[in-house]
Amino acid sequence: MRVRIKVNGTDHEHEVEPRTLLVHHLRETIGLTGTNVGCDTSSCGACTVHIDGESVKSCTVLAVQADGCEVTTIEGLATIAADGSPVLHPMQQAFMQCHGLQCGYCTPGMVMAATSLLAEHPHPTEADVRSGLEGNLCRCTGYHNIVAAVMACAAATGGAA
Amino acid sequence: MIPCAFDYLLASSAAEAISLVAQHGDEAKLLAGGHSLLPLMKLRLAQPSVLVDVGRLAELRYVRESGDHIAIGALTRHADLERSPVLAQHAPLLALAATHVGDPQVRHRGTIGGSIAHADPASDLPATTLALGATYVAQGPHGTREIPASEFFRGYLTSVLEPDEMLVEIRVPTMQGAGFSFQKFTRRAQDWGIVGVAAWVRGTQSGVALFNMGSTPVLATDVSAALADGASAADAAQLAAAQAEPPSDLSAGREYRTHLAKVLTQRALIEAGAR
């Protein structure tokens, strides 16, 4: 089936088998390998991307279900400055500054879940952040600094991240 | 894990979806949010050869007042229920229950109709709508029929829906200021409840339903009858498991579930009485 998905602002049109999962389509067909496959059972959230601005687990969405949608992956968050240098998204900066990662495997999914969370709850409490990230597991159990990073990003951007 | 191969058909209306499913018989399944079906397909526990996608039917995604009840389109997503001002005002127990489904990513995709049609006895929304005395509307090749929630669930993952019927609307009576509570005991945040209770109380009237306490969600009418007769929350809660046949599995044994049902029901009745 022919599928047209706008990924990080660029249209991608491909012939896909209906059973192709969105995460495999992003990684293997489009070549964006920032989105990780973790548990493959919609538990861990490592594969979190945005469809039309909302966080989803891309291992539990068929590529055909995203036909006509806008998908944002971790590669789509940073922008390019006028001088051509990359500018990290405020959430990426906050994860870096607060050391919101250990091995880093869950990080792309954490950042995507966190940006979706702040879009819905611009001024979260720490409890809001912890429950808002319940769909993302950190196998290093490094939640403390992840939560701190999301709180720091919310504070730094006034909820506009 | 990748599902077995299947043919994908995108339906542009409920009637078209029903006609497509009817053409393909037992081989076809309706796909809504996919958050129950796709995991089963990846594990090869379900292997439909045709998927009819109804997930884009915007005309079945709504929450609106309709006289003495709230009408909810079957393709309304859990996140929509959480955010609905209509539910917040008229059926806050359902809005609260929606916040307990899975995790935010799941709630962005999963639908109330999909959850109810899947008929998982451990799910939050089948039990909650049962407690609220909801009516489900099913559409088939020959029109629609209304099915009381209390007559809908027939066994594990089994309902009275015919293969060529589709759940199109959920009608929830307005709560009219009733107190309410949702209690769910989980091992991990995003898990299904080991046992859960959805309850509302208004004067001598109440509705209490349990989940993961049998092969279907369980309406604990004994508890409501005891409350109507003037029993205390603590005494009424002792009857919580009287109508249930809880399973023993890796999460919990039958005795433990029975105990949890009583404890959670007591908490629910006390909170509902105070809210």
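Domain bounds here come from an automatic or database domain assignment. This is a predicted model: local features need pLDDT of at least 70, side-chain atom pairs count only at pLDDT 80 or more, and totals for chains, interfaces and linings use all residues. Residues are numbered from 1 along each chain as its sequence is written, while chains are lettered from A and ligands numbered from 1 in the order in which they are written.

Q: How far apart do the C-alpha centres of domain 1 and domain 2 of chain A lie?
A: Let's start with the bounds: chain A is divided into domain 1 (2–75) and domain 2 (79–157). Between the C-alpha centres of these two domains of chain A, the distance is 20 Å.

Q: Which strand of chain A gives the most to the side of domain 1 that touches domain 2?
A: Two residues are in contact if their C-beta atoms, placed from the backbone, lie within 7 Å, and this contact takes 15 residues from domain 1 of chain A and 12 residues from domain 2 of chain A. Helices (H or I, at least four residues) and strands (E, at least two) are DSSP runs, numbered from the N terminus. On the domain 1 side, strand 3 (48–51) and strand 4 (54–57) of chain A each supply at least two residues. The one that gives the most, with 3 residues, is strand 3 of chain A.

Q: Is helix 2 of chain A parallel, antiparallel, perpendicular or oblique to helix 5 of chain A?
A: Helix 2 (residues 90–97) and helix 5 (residues 143–157) of chain A pack at an angle of about 130°, with their axes 8 Å apart. Axes are lines fitted to C-alpha atoms, for helices over the stretch in contact, and angles run from 0 to 180 degrees between N-to-C directions. Angles under 35 degrees count as roughly parallel, over 145 as roughly antiparallel, 65 to 115 as roughly perpendicular and the rest as oblique. That angle therefore makes helix 2 of chain A, relative to helix 5 of chain A, oblique.

Q: How many nonpolar residues does the contact of helix 2 with helix 5 of chain A have?
A: Pro90(A), Met91(A), Ala94(A), Phe95(A) and Gln97(A) in helix 2 meet residues of helix 5 including Ala149(A) and Cys153(A). Ala, Val, Leu, Ile, Met, Phe, Trp, Tyr, Cys and Pro count as nonpolar, Asp, Glu, Lys and Arg as charged, and the others, Gly among them, as polar. By class, this contact of helix 2 with helix 5 of chain A has 2 polar residues, no charged ones, and a nonpolar count of 8.

Q: Which residue in strand 3 of chain B does Asp7(B) stand opposite?
A: Two strands pair if DSSP finds at least two bridges between them. In chain B, an open sheet of 3 strands has the order 1-3-2, with parallel pairing, and its edge strands are strand 1 (7–10) and strand 2 (28–31). Strand 1 of chain B is joined by 4 bridges to strand 3 (residues 50–53) of chain B. Opposite Asp7(B) stands Val50(B).

Q: Which element of chain A gives the largest share of the side that touches chain B?
A: The contact takes 25 residues from chain A and 21 residues from chain B. On the chain A side, strand 4 and helix 3 (107–120) each supply at least two residues. The largest share, 4 residues, comes from strand 4 of chain A.
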